[in-house]
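Open the model in your viewer and keep the selection tool at hand. The tour goes from one selection to the next.

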Amino acid sequence: MPPTDASAHAAPAIGSDSGDPTGTCPAESSTDVTGEPVSMDREAADIADTGTTGATDCEDTLDLRLPDELLALLEEQAGPDDGPGPGSGSDGGAAPPLFASTIDHDLLDRVAEWGPVAAPVGTFHLVPVVIERDLPLITRWMNDPAVAEFWELAGAESVTGEHLRAQLGGDGRSVPCVGVLEGTPMSYWEIYRADLDPLARHYPARPHDTGIHLLIGEVADRGRGLGSALLRAVADLALDRRPACARVVAEPALRNTPSVAAFLTAGFRFSAEIDLPDKRAALMVRDRSLRHLL
């Protein structure tokens, strides 16, 4: 899973422990949690009526219903009942993978169009990654020992490039972005659909849960509160731009105390400790219904 650790108060890099290039963290690093069924229709109705979800947003419950987007993808891959059998495409050849890049689904409400946001630390903009432009910079950040400790993507450009291309060539469940503060690239983000990610196996995911992974690239930008300020700004931006989303989640490594502290300062609540394939994580949640209270 990709790293989700953000450090705002200490020199360690803000980063989310990466795991699955699909959108969670690098490798298959997602987050765990479980609970009781929640109706997608009820939650959508709450959003339509009030612009927020009900007072139970902060309750961690398990949704046993597959998200509509995933059902649609499965149906699209299956094809008509009288079509080619399993494992064959329309021309009789091999069928494309379930999450092929040819699938054009807007799963994150056009992150590229979210636009800049005014944060206490300056104007901030999430700019989707362009490999040719951004790979050298992101590779340099990944080779910083403080970042590499959690992201585990140190090495040649090909290592970081493979991680980025896995997301850029996917179905849109994860969008890698460069964070630009006052015109200067200074952080790397992954905005992803947590409910469609391997992370959903480990926590009570709800439809449209949005996940965040973050690292602060430059040493000079760490340890002075930028991480928590930007986490709050981006989480609230996601809630503003994604009306169906009731929660923003993250799973920093539990041992990364500066990152956990940054999420708490940013208005996330600590939900649970979870065991992921590559780490013991802190499940952090920012609820739509509590965003003006925390």
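The stops below cover a sheet, the helices on it and some salt bridges. This is a predicted model.

**The sheet**

Select the eight strands that form an open sheet; their order is β3-β4-β5-β6-β7-β8-β10-β9, and the pairing is mixed. Now pick out β3 (117-119) and β9 (269-276), which stand at the edges. Each has a single partner strand, so one side of each lacks a neighbour in the sheet. On average, neighbouring strands of this sheet are turned by 30° against each other, direction ignored.

Next, select residues 122-128 and 174-181, which are strands β4 and β5. How do these two strands run, and how many bridges join them? They run antiparallel, and five bridges join them. Within this pair, L126 stands opposite G179 in β5.

**Helices on the sheet**

Select residues 226-241 to show helix α6, which packs on the sheet. Helix α6 touches β3, β4, β5, β6 (184-193), β7 (210-216), β8 (247-250) and β10 (279-287). The direction of α6 makes about 155° with that of β7.

Then select residues 257-265, helix α7. Helix α7 lies across β8, β9 and β10 and runs at about 10° to β10.

**Salt bridges**

Side chains of opposite charge can pair when their charged atoms come close. The structure holds 17 salt bridges; three of them are shown here, by R110, R286 and R291.

Start with R110 and D106, whose closest N and O atoms are 3.0 Å apart.

Go on to R286 and D236, which form a salt bridge with their closest N and O atoms 2.9 Å apart. R286 lies in strand β10 and D236 in helix α6, so the pair ties together parts that are 50 residues apart in sequence. R286 counts as buried, at 0% relative accessibility, and D236 is buried at 16%.

D240 is in helix α6 and R291 in the segment after β10, 51 residues apart. D240 is partly exposed, with a relative accessible area of 46%, whereas R291 counts as buried at 12%.

Last, show D236, D240, R286 and R291 together: salt bridges that share partners join these residues into one network.

Notes. Residues are numbered from 1 along each chain as its sequence is written. This is a predicted model: local features need pLDDT of at least 70, side-chain atom pairs count only at pLDDT 80 or more; totals for chains, interfaces and linings use all residues. Side-chain values use heavy atoms; hydrogens and water are left out. Two strands pair if DSSP finds at least two bridges between them. Helices (H or I, at least four residues) and strands (E, at least two) are DSSP runs, numbered from the N terminus. Axes are lines fitted to C-alpha atoms, for helices over the stretch in contact, and angles run from 0 to 180 degrees between N-to-C directions. Contact means heavy atoms within 4.5 Å. A salt bridge is a side-chain nitrogen of Lys or Arg within 4 Å of a carboxyl oxygen of Asp or Glu. Buried means under 20% relative accessible area, exposed over 50%, partly exposed in between (1.4 Å probe, protein chains only).
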